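Colleague: I'm new to this one. Please walk me through what's on the screen.

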Amino acid sequence: MSRRRGGRGSGRTRKQAQIGAPVHDSALGANIVDQQEYLNWILDLCLLRYEWTGLPDTCSERFLETSLATTGSATLAFEMETPNLIMSLQAGAYSQYNAYNDPVLWWAMGMGTSERKFFEVQRGVNGVFIWDRYSRLCFWPKLTRLAAKLTRYSRAEDVNLFQQMTPYIVTAPDEKVLDVQTVLGAIGVGQPAIVGYEGLADTISKGINVLQTGVEWQGEQFQRGALGVWSEIFRLIGIPHVMFEKTERMNTDETQTAYAPARMMLDDGLKARKEACEEWNRVFGGNISVRINPFVEDMYKGGDDDDGGIRDAGDQTGMAR
């Protein structure tokens, strides 16, 4: 009987230990949180690049763009038994291709439990396949690596900042360590006066050695490196931007040169989406279309005087007019 009580007691102890364990800001935990936050940020930017019109009410533009950004593909499809229930789902496990390497048979996959959808789709019969890129390349793995790089810059800055909080190491005679700690504590909290024993002055003037850790503040270098990574992210997903390391104002020609790679990537994704829209409208009827988000388009044009477009690129029209 005592053994059973001990067992129950041990179980409660283990459960309490699990629930009440303190949370520490470990390096691994901070890395995971920071990288996930950067990925969330990047995904939000991806979702705002394009606007769809004419999608059936049963479709989700958010889920469609999320699937395209994170997996590189998606599908507009319906089950043969319910042709009026058109859905925008993930596309996967495609196993049959035509001579041009176009998938002709794939699975439409939804999320959730009770509303989960999982059915076979055949091109030209009950759905179309949508690529995120005309090149058919998925850039999410690269974006994940860039998020990891941003995390390293952020964590390195955290460590460097922490090192600035303890720039000195103070040594003192063994019997005076507590006195020195008292003085430093009073200084740290901003005491207007420090009270000590008569020998405190001699201890401070003769018995204390101060060693500098020699760790310099590198925050500006870390921030510059992180901005360079953001520049690569913006260029990859097609968001217009000026080179962060160039502080002087740019003329129109320089703006066009800076914007060109990003614009080509944005048009690359737009062309892939338009092909899917045209195929759907031709085969199944409808008026589905997609365009670049007008705000993003306006950023390429330079923006109006009172909007949020990029104004440090010469305050003139950019390359997309």
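Modeller: One term to begin with. Helices and strands here are DSSP runs, numbered from the N terminus: a helix is H or I with at least four residues, a strand is E with at least two. Also, this is a predicted model.

Colleague: Got it. What is the order of strands in the open sheet?

Modeller: The open sheet has 5 strands, in the order β5-β4-β3-β2-β6, and the pairing is antiparallel. β5 (118-122) and β6 (127-131) are the edge strands, each pairing on one side only. From one strand to the next, the twist averages 40°.

Colleague: What holds strands together in general?

Modeller: Backbone hydrogen bonds pair the strands of a sheet, either parallel or antiparallel.

Colleague: Start with β2 and β3. How many bridges join them?

Modeller: There are 3 bridges between β2 (residues 73-77) and β3 (residues 87-97), and the two run antiparallel. Ala77 stands opposite Met87 in β3.

Colleague: And how many bridges join β3 to β4?

Modeller: 5 bridges, again with antiparallel strands; β4 covers residues 103-109. Gly92 has Trp107 in β4 as its bridge partner.

Colleague: What do β3 and β4 form?

Modeller: A hairpin, with 5 residues between the two strands. Asn101 sits in the turn and has a positive phi of about 65°.

Colleague: Moving along. How many bridges pair β4 and β5?

Modeller: β4 and β5 pair over 5 bridges, in the antiparallel sense. Ala108 stands opposite Phe119 in β5. Met109 has Phe118 as its bridge partner in β5.

Colleague: Which element gives the largest share of the lining?

Modeller: α8, with 6 residues.

Colleague: How many cavities does a search of the whole structure find?

Modeller: 2 cavities of 30 Å³ or more. The largest cavity has a volume of about 50 Å³.

Colleague: Which residues line the largest cavity?

Modeller: Cys46, Arg49, Ala69, Asp132, Arg133, Phe139, Trp140, Leu143 and Ile237.

Colleague: Now charges. How many salt bridges does the structure hold?

Modeller: The structure holds 12 salt bridges. One of them joins Arg291 and Glu51, where the closest N and O atoms are 3.1 Å apart. That pair links distant parts of the chain, 240 residues apart.

Colleague: Which strands are Arg291 and Glu51 in?

Modeller: Arg291 is in β9 (residues 289-292), and Glu51 is in β1 (residues 50-53).

Colleague: Last one, the surface. Which residues form a nonpolar patch?

Modeller: Tyr168, Val170 and Leu184 form a nonpolar patch on the surface. Together they have about 280 Å² of accessible area.

Colleague: Which strand does Tyr168 lie in?

Modeller: Tyr168 lies in β7, which covers residues 168-171.

Methods: Residues numbered from 1 in each chain as written. Predicted model: local features only at pLDDT ≥ 70, side-chain atom pairs only at ≥ 80, totals over all residues. Heavy atoms only, no water. Pairing = 2+ DSSP bridges. Patch = residues over 30% accessible without salt bridge, like charges linked within 9 Å, V, L, I, M, F, W, Y side chains within 5 Å. Areas by Shrake-Rupley, 256 points an atom, 1.4 Å probe, with all protein chains shown as cover. Salt bridge = Lys/Arg side-chain N within 4 Å of Asp/Glu carboxyl O. Axes fitted to C-alpha atoms, helices over the stretch in contact; angles between N-to-C directions. 1 Å grid on protein atoms, 1.4 Å probe; cavity = no way out; pocket = protein on both sides within 12 Å on 5 of 7 lines; lining within 4 Å. Points joined across faces, edges and corners; volume = space filled by probe spheres on them.
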